Amino acid sequence: MREYKNGNELTKVVCNACGKVLLVENGILKEECIHVEHDFGFFGEKDGEGERFDLCAACYEKLTAHFCVPVESRERKELL
């Protein structure tokens, strides 16, 4: 969950799974986090709905540890 001041300056990020408040300084998230936004399409129970959530690194690791098909990992050469 994210909170913004004046509609665009990030002030708070909370992990939706465990409730941990992640470090935000001067509008910049300073901890690893996965942010998911998804708009559902046709043929499902959530047609036309959109959802978003944040997971801290620990909750992401717990979630993906239970995947039947492992997460595909790759090394990134550049970080910008």
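**Close-up views of the predicted model**

View 1. Apart from neighbours within four places in sequence, Gly 41 is in contact with Asp 47 and Gly 48; contact means heavy atoms within 4.5 Å. Before going on, please keep in mind that this is a predicted model, in which local features need pLDDT of at least 70 and side-chain atom pairs count only at pLDDT 80 or more, while totals for chains, interfaces and linings use all residues. Residues are numbered from 1 along each chain as its sequence is written, and side-chain values use heavy atoms, with hydrogens and water left out. You will find Gly 41 in the loop between strand E6 (33-39) and strand E7 (50-56). Strands (E, at least two residues) and helices (H or I, at least four) are DSSP runs, numbered from the N terminus. Gly 41 counts as partly exposed, at 42% relative accessibility. The scale used here calls a residue buried under 20% relative accessible area, exposed over 50%, and partly exposed in between (1.4 Å probe, protein chains only).

**View 2. Asp 54 and its surroundings.** Asp 54 sits in strand E7. With 1% relative accessibility, Asp 54 counts as buried. Leaving aside residues within four places in sequence, the contacts of Asp 54 include Met 1, Arg 2, Val 13 and Val 14. Cys 15, Asn 16 and Ala 17 are also among them, as are Cys 33, Ile 34 and His 35. For a sense of scale, Asp 54 and Phe 67 are 13 residues apart in sequence and 18 Å apart in space, C-alpha to C-alpha.

View 3. Two strands are said to pair if DSSP finds at least two bridges between them. E1 and strand E2 (residues 9-14) run antiparallel and are joined by four bridges. Then look at Arg 2, whose bridge partner in E2 is Val 13. E1 and E2 form a hairpin with three residues between them.

**View 4. Two asparagines with a positive phi.** Most residues other than glycine have a negative phi. Asn 6, in the loop between E1 and E2, has a phi near 55 degrees. Asn 6 counts as exposed, at 71% relative accessibility. Asn 26 also has a positive phi, of about 50 degrees, although it is not a glycine. The loop that holds Asn 26 runs between strand E4 (24-25) and strand E5 (28-29). At 75% relative accessibility, Asn 26 counts as exposed.

**View 5. Cysteines without a disulfide.** A disulfide is taken here as a pair of cysteine sulfur atoms within 2.5 Å, and a search of the whole structure finds zero of them. The sulfur of Cys 59 has its closest cysteine sulfur in Cys 56, at 3.7 Å, which is too far for a bond. Cys 68 is in no disulfide either, and the nearest cysteine sulfur, that of Cys 59, is 20 Å away. Cys 59 belongs to helix H1 (residues 57-64) and counts as buried, at 10% relative accessibility. Cys 68, by contrast, is exposed, with a relative accessible area of 83%. Not counting residues up to four places away in sequence, Cys 59 touches Cys 15, Ala 17 and Cys 18.

**View 6. The largest pocket.** This pocket holds about 180 Å³ of space and is lined by Glu 72, Ser 73, Arg 74, Arg 76 and Leu 79. On a 1 Å grid over the protein atoms alone, a pocket is an open set of points where a 1.4 Å probe fits, with protein on both sides within 12 Å along at least five of seven lines; lining residues have an atom within 4 Å of a point. Grid points are joined across faces, edges and corners, and the volume is the space filled by probe spheres set on the points. The lining divides into one nonpolar, one polar and three charged residues. Ala, Val, Leu, Ile, Met, Phe, Trp, Tyr, Cys and Pro count as nonpolar, Asp, Glu, Lys and Arg as charged, and the others, Gly among them, as polar. Ser 73 lies 17 Å from Cys 59, C-alpha to C-alpha, and 14 residues from it in sequence.
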